[in-house]
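Please read the points below with the structure open beside you, and check each one against the residues it names.

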Amino acid sequence: QRVRAELLERLELVRLQPAVVLDLGAGTGHGSRLLRQRYRSSQVVALDLAEGMLREAGRQQPLWRRFRRVCGNAAALPLRDASVDIVFSSLMLQWCNDPDAVFRECRRVLRPGGLLTFATFGPDTLVELRRAWAAADGHTHVNRFLDMHDLGDSLVRAGLAEPVMDVERYTLTYASAADLMRDLKAIGARNANAGRPRGLTGKGALAAMTAAYESCRRDGRLPATYEVVYGQAWCPSEPRRRRPAAGEVVVPLSRIGRRGG
């Protein structure tokens, strides 16, 4: 909720009157509802990969200010080229295996002059939990997230312009490691790393992780750090020029004179 509120607040600095707003990774639709309230004359599209999320999002819709719900993949959007003015994405990108593909799709569906604004997790997210698991066994139990600079490079590769990136850190506290694990499960977090354990985690490893985490306890609470990367980029108003291939020479039309001239 805090990250979504911050991302929405940043839109106040953008002077756009969008016809179509895409909530990419809409989840249960809370962001879509707030976007519909902000852009009252716009069409808001809530897109998510999970049908169950979209069914829940339907309950967020007031009768007089509805938004559309679309089930689809962020890396293969079921939307026309240049059909969206704002792509809004709050804490979805970290679950995607190929951020480059997602940004390319955002570039494709954005109209010239359109805006992509997003928030995702950075590499210091859940660093305490990651270290505790590292002390317990050799498996990767916590997702590894992309650095802000890597995300900026990915935006440029996708053909998006004027990327702006910054980072905020939030620390939540818990009475126990078990409380944190229940919280992560409740929000649908999953381990997508190649080095994740393939079977159930044993009681011994879990106890070792819990003991290691205790070294982080301060004032009777266990901290859990979330590094949140905020980013935005624009769809260029002019089409992207193709780079010359090896051995190819590009001659501007202005340099081609008339025959015999």
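1. In this predicted model, helix α5 meets helix α8 through Glu128, Leu129, Ala132, Trp133, Ala135 and Ala136, while the partners on the side of α8 are Ala205, Leu206, Ala208, Met209, Ala212 and Tyr213.

2. Two packed helices are described by the angle between their axes and the distance between the axes. Here the axes of α5 (residues 127-136) and α8 (residues 203-213) come within 8 Å and cross at roughly 130°, and the two helices are therefore oblique to each other. The crossing of α5 and α8 is right-handed.

3. The largest nonpolar core contains 37 residues, and those with the most contacts inside it are Leu35, Leu126, Leu129, Leu180, Tyr213 and Tyr226. Strand β7 (residues 222-234) supplies the largest share of this core, namely 5 residues.

4. Which residues are in contact with Tyr226, once its neighbours within four places in sequence are left aside? They are Phe121, Thr125, Leu126, Glu168, Arg169, Tyr170, Leu172, Tyr174, Leu180 and Leu184.

5. Not counting residues up to four places away in sequence, Ser154 touches Pro99, Asp100 and Phe103.

Note on methods:
Residues numbered from 1 in each chain as written. Predicted model: local features only at pLDDT ≥ 70, side-chain atom pairs only at ≥ 80, totals over all residues. Heavy atoms only, no water. Axes fitted to C-alpha atoms, helices over the stretch in contact; angles between N-to-C directions. Helix = DSSP H or I, 4+ residues; strand = E, 2+ residues; numbered from the N terminus. Parallel < 35°, antiparallel > 145°, perpendicular 65-115°, else oblique. Left-handed = near helix turned anticlockwise from the far one by under 90°. Contact = heavy atoms within 4.5 Å. Core = buried A, V, L, I, M, F, W, Y, C linked by side-chain atoms within 4.5 Å. Buried < 20%, exposed > 50% of the residue type's maximum accessible area, 1.4 Å probe, protein only.
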